[in-house]
Amino acid sequence: MTEIPEHLLKRSRERRAALGLGGEAEGEPASSSPAAATPATTAQAAPAATPAATGPAPRAAAQAPVGPPPPKPDSPVVAAYKSRRRMPFWAMGALSLLPVWGFMYVRAVTDQAAAASGPLGEGAEVYGSCSSCHGSTGGGGTGYPLANGEVLATFPHIEDQLRFVYYGTANYNVAGIADYGNPEREGGPHLTGAQGPMPAWGEGANGELTDEELLAVVCHERYTLGGADETTEYAEEFELWCSEESEIFAGLEAGDYTLPTLHESVEDIIPIGTEPAPGSPPGAG
């Protein structure tokens with residue numbers, strides 16, 4: 001019988017051992033194989049190691065967002081405020097008109113002073129040109145005072161005042177007249193140049209006022225500022241010159257005549273004339 005080479009037997013044993021079939025070849029005693037002593041369990045292949053994970057680490061799941069805390073309950077005061085009824089929007093408009101209604105009511109139940117018209121109304125507007133010298137209420141300044149009867153003491157007759165306002169101090173000085181007012185005035189007459197010079201206001205003397213404006217401002221100075229009583233002592237003068245029905249004022253306004261020629265059209269007045277003249281004492285004319 002042919003002898004099997006040793007290296008082939010060795011290979012066979014290793015192969016069988018790897019397959020778990022025992023380490024001895026068929027017909028060969030177990031003791032003759034050096035690998036026979038190896039336990040069968042060692043022939044089983046060890047499980048393959050779990051390969052190491054590769055790539056980026058997996059992301060952890062995002063936490064769910066935490067919601068806002070529940071609102072605190074309202075206090076009893078706040079809850080009562082929120083629960084009460086709101087004022088209607090139209091009520092605010094009505095309330096805003098209350099002051100206007102109150103003002104209208106007061107005016108309705110209060111007697112209103114009638115606004116001055118005619119010569120007195122126009123004269124109050126024209127007097128703004130005179131107030132810088134005679135004061136806003138006629139108290140005086142550069143010019144003599146008019147209030148508290150002062151203008152009436154100097155000019156008992158309205159014609160004398162009209163003439164002096166018309167021609168002014170310079171024309172009186174040229175004419176050589178020193179006493180432009182009442183020469184018998186208590187405390188002495190007012191003399192030209194004693195205070196600041198009086199401008200010539202009449203348009204016929206190169207002044208700034210028309211004849212009706214000049215009459216209107218003189219009426220304002222005598223009755224509104226000077227205190228002349230149109231119901232007693234000065235009633236006739238007021239009716240003729242300064243009332244709303246004054247024919248003289250209406251005639252001057254219409255251009256029917258001028259102040260210097262007025263005496264030709266209206267009887268029983270002291271002529272103002274075409275040039276300055278001395279002041280008239282009380283009772284004259």
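Leaving aside its neighbours within four places in sequence, which residues is Ser 243 in contact with? They are Pro 119 and Phe 238. Keep in mind that this is a predicted model. Ser 243 sits in the loop between helix H10 (235-242) and helix H11 (247-254). Its relative accessible area is 2%. Ser 243 counts as buried because that value is under the 20% cut-off.

Now move to helix H9, which spans residues 211-225 and holds His 220. His 220 is buried too, with a relative accessible area of 7%. Not counting residues up to four places away in sequence, His 220 touches Leu 120, Gly 123, Ala 124, Tyr 127 and Leu 225.

Next comes the core. The largest nonpolar core has 44 residues. Leu 162, Leu 214, Leu 215, Trp 241 and Leu 262 touch the most other members. Helix H5 (118-126), helix H7 (150-154), helix H8 (158-174), H9, H10 and H11 each supply at least two residues of this core. H9 gives the most, with 8 residues.

Take Leu 214 as a closer look.

Met 104 belongs to helix H4, residues 98-109.

Notes. Residues numbered from 1 in each chain as written. Predicted model: local features only at pLDDT ≥ 70, side-chain atom pairs only at ≥ 80, totals over all residues. Heavy atoms only, no water. Helix = DSSP H or I, 4+ residues; strand = E, 2+ residues; numbered from the N terminus. Buried < 20%, exposed > 50% of the residue type's maximum accessible area, 1.4 Å probe, protein only. Contact = heavy atoms within 4.5 Å. Core = buried A, V, L, I, M, F, W, Y, C linked by side-chain atoms within 4.5 Å.
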